[in-house]
Amino acid sequence: MTDYVEEQRNELEAIESIYPDSFTVLSEEPTSFTITVTSDAGENGETVEATLKFTYVAEYPDEPPLWEIYSQENLEDGDLENILTLLKQQAEENQGMVMIFTLVTAVQEKLNEIVDAMKNRREEEKLQKEKEAEEAEKVKFQGTVVTIENFLAWKAKFELDMAEFKRKKQKEEEQAGKPRLTGKQLFERDHNLDTSDIQFLEDAGNNVEVDESLFQDIEDLDLDEDDPNFDPLDMDSDED
């Protein structure tokens, strides 16, 4: 008949001698203890750590012990799940034999793998950043490829910008008190003015009222139409 108590006591003594600084007894009935497992340091000194809690059942080692992750440092949820899966697998393979040292050793190796994976991820991230920087540099020198679509978009924006610029410039000139243009200057600038009077008459239906008092009575004018130097336009200058 197997003496479970004796086997458990012997294993505890061995475990305490192997892990003197990380072994802690939590209770004696049932026997429960923790072992803190730390990975080897990575190239930048980083480590991961898990404190495992084991509890003997009455018929251990014929029945596996109970375990849990008591605490941890720098481990992600996925890492914790992988460690628990590993403990279950190792317990099944070693059932019937004292197994605490085997379980702790397996976790130690797993933590080292996690640190190596962290290193690999950093290297991959570094390479990815370098690749993105190189691509950005190439794009900077290559410029933007001109297509019909982006050219039309640029043209439309350019025309809007120019229209806005002209509008602001005109407003600034008006606010600066720039002298108003004479009728002649307006006529020379806008040739549509030569048809404006005709258009006005057409819009009014040729019914335009004229204030005759604004004009001098033609009978009061001393005109000599036989004079070869006679010029009706001079009347305006005389009145001025």
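Start in helix H4: select Trp154 and Phe158, which sit 4 residues apart there, separated by about one helical turn. Keep in mind that this is a predicted model.

Now look at the two rings. The centres of the Trp154 and Phe158 rings are 5.4 Å apart, and their planes meet at 15°. Planes under 30 degrees apart count as stacked, so Trp154 and Phe158 make a stacked pair. Check the surroundings of Phe158. Phe158 is partly exposed, at 41% relative accessible area.

Where does Phe165 sit? Phe165 belongs to helix H4, which covers residues 148-175.

Leave the helix and turn to the other rings. How many aromatic pairs does the structure hold? There are 7. Select Phe33 and Tyr56, one of these pairs. The arrangement is edge-to-face, with 5.6 Å from centre to centre and 70° between the planes. Trace the chain on either side. Phe33 is in strand E2 (residues 31-38), while Tyr56 is in the loop between strand E3 (49-55) and strand E4 (66-73). The pair therefore ties together parts 23 residues apart in sequence.

Are these two residues buried or exposed? Phe33 is buried, with 0% relative accessible area. Tyr56 is at 4%, so Tyr56 counts as buried too.

Notes. Residues are numbered from 1 along each chain as its sequence is written. This is a predicted model: local features need pLDDT of at least 70, side-chain atom pairs count only at pLDDT 80 or more; totals for chains, interfaces and linings use all residues. Side-chain values use heavy atoms; hydrogens and water are left out. Helices (H or I, at least four residues) and strands (E, at least two) are DSSP runs, numbered from the N terminus. Rings of Phe, Tyr and Trp (its six-membered ring) pair if their centres lie within 6.5 Å; planes under 30 degrees apart count as stacked, over 60 as edge-to-face and the rest as tilted. Buried means under 20% relative accessible area, exposed over 50%, partly exposed in between (1.4 Å probe, protein chains only).
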